[in-house]
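Dear colleague,

Please find below the structure that I am handing over to you.

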Amino acid sequence: MIGVISGDIIKSQKIPKQQYDAMLYQLEQSLRAICDKTSLWTIYRGDAFQLQINQSEQLIKTAIIIYLHLKSAGYELRQSMALGEVDNPRSDIKTATGSAFVLSGQGLDKIANQRFSLQIAKHTLNEGFSLNLAFVDTLLSKITQKQANALYVYLTQADNSHAALAKELSTSRENVTKLLNLANYQLIERFIVHAKQVITTITKGSE
């Protein structure tokens, strides 16, 4: 099983024309910064993207990191995640087929007011996990740009001690701690670890 994320910028049609190119540039830079060599991605329809993640256990973390990177730049993002098969792998994923792509695309059309959704081929998502995802969705939707940036750096740096992050963010250790606490960083990190375990269990059961 692979992971696929389909996402788009919320209310991009309200972004002034003179700022639209900057939004597209930021979306591209976010994907380049976060996606490793095992991931494939494409931007389409202006403000939308699709991302294939071969390391499916990293699906949730990747989605959260992309969200934080864009939110720290002032953009809100919604993402439909899916776990499933790829029937026809292509280097250009716009032409790839399989349940992971279908579910992810369909999920984005139905996502409504959420920031995150998850569908799994031939599997009903546990109600407890769905509830946790909804809580994380709410927590992340309420954080500020500075909190999002601090949490992004915390989740992506090899040395994420508050002292090291203070140097990276050019601020005080006390301010880093404050920003991370306001972003509920410990809860977010616990959910990421839990999500990785859940997805690993599901994918192993599908082998």
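**Overall fold**

The secondary structure of the protein comprises eight helices and five strands. Please keep in mind throughout that this is a predicted model. Read from the N terminus, the elements follow the order β-α-β-β-α-β-α-β-α-α-α-α-α. The C-alpha trace of the protein spans about 50 × 45 × 30 Å along its principal axes.

**The packing of two helices**

Two packed helices are described by the angle between their axes and the distance between the axes. Helix α5 covers residues 145-156 and helix α7 covers residues 173-182. Their axes lie 8 Å apart, and the packing angle is about 100 degrees. Angles of 65 to 115 degrees count as roughly perpendicular, and α5 and α7 are therefore roughly perpendicular to each other. On the α5 side, the contact is made by K146, Q147, A150, L151 and Y154; on the α7 side, it is made by L179, L180 and L182. By class, the residues of this contact of α5 with α7 are six nonpolar, one polar and one charged.

**The largest pocket**

The largest pocket has a volume of about 250 Å³. Its lining is formed by 14 residues, of which I34, D36, Q58, T62 and I65 are the closest to the centre of the pocket. Which elements give two or more residues to this lining? They are α1 (17-34), α2 (59-71) and α5. The largest share, three residues, comes from α2. The lining of the largest pocket divides by class into six nonpolar, six polar and two charged residues.

**The second largest pocket**

The volume of the second largest pocket is about 160 Å³. The residues that line this pocket are N132, F135, V136, L139, L187, R190, F191 and H194. Helices α4 (127-141) and α8 (185-205) are the elements that give two or more residues to the lining of the second largest pocket. Here the lining residues divide into five nonpolar, two polar and one charged.

With kind regards

Terms used:
Residues are numbered from 1 along each chain as its sequence is written. This is a predicted model: local features need pLDDT of at least 70, side-chain atom pairs count only at pLDDT 80 or more; totals for chains, interfaces and linings use all residues. Side-chain values use heavy atoms; hydrogens and water are left out. Axes are lines fitted to C-alpha atoms, for helices over the stretch in contact, and angles run from 0 to 180 degrees between N-to-C directions. Helices (H or I, at least four residues) and strands (E, at least two) are DSSP runs, numbered from the N terminus. Angles under 35 degrees count as roughly parallel, over 145 as roughly antiparallel, 65 to 115 as roughly perpendicular and the rest as oblique. Contact means heavy atoms within 4.5 Å. Ala, Val, Leu, Ile, Met, Phe, Trp, Tyr, Cys and Pro count as nonpolar, Asp, Glu, Lys and Arg as charged, and the others, Gly among them, as polar. On a 1 Å grid over the protein atoms alone, a cavity is a set of points where a 1.4 Å probe fits but cannot get out, and a pocket is an open set with protein on both sides within 12 Å along at least five of seven lines; lining residues have an atom within 4 Å of a point. Grid points are joined across faces, edges and corners, and a volume is the space filled by probe spheres set on the points.
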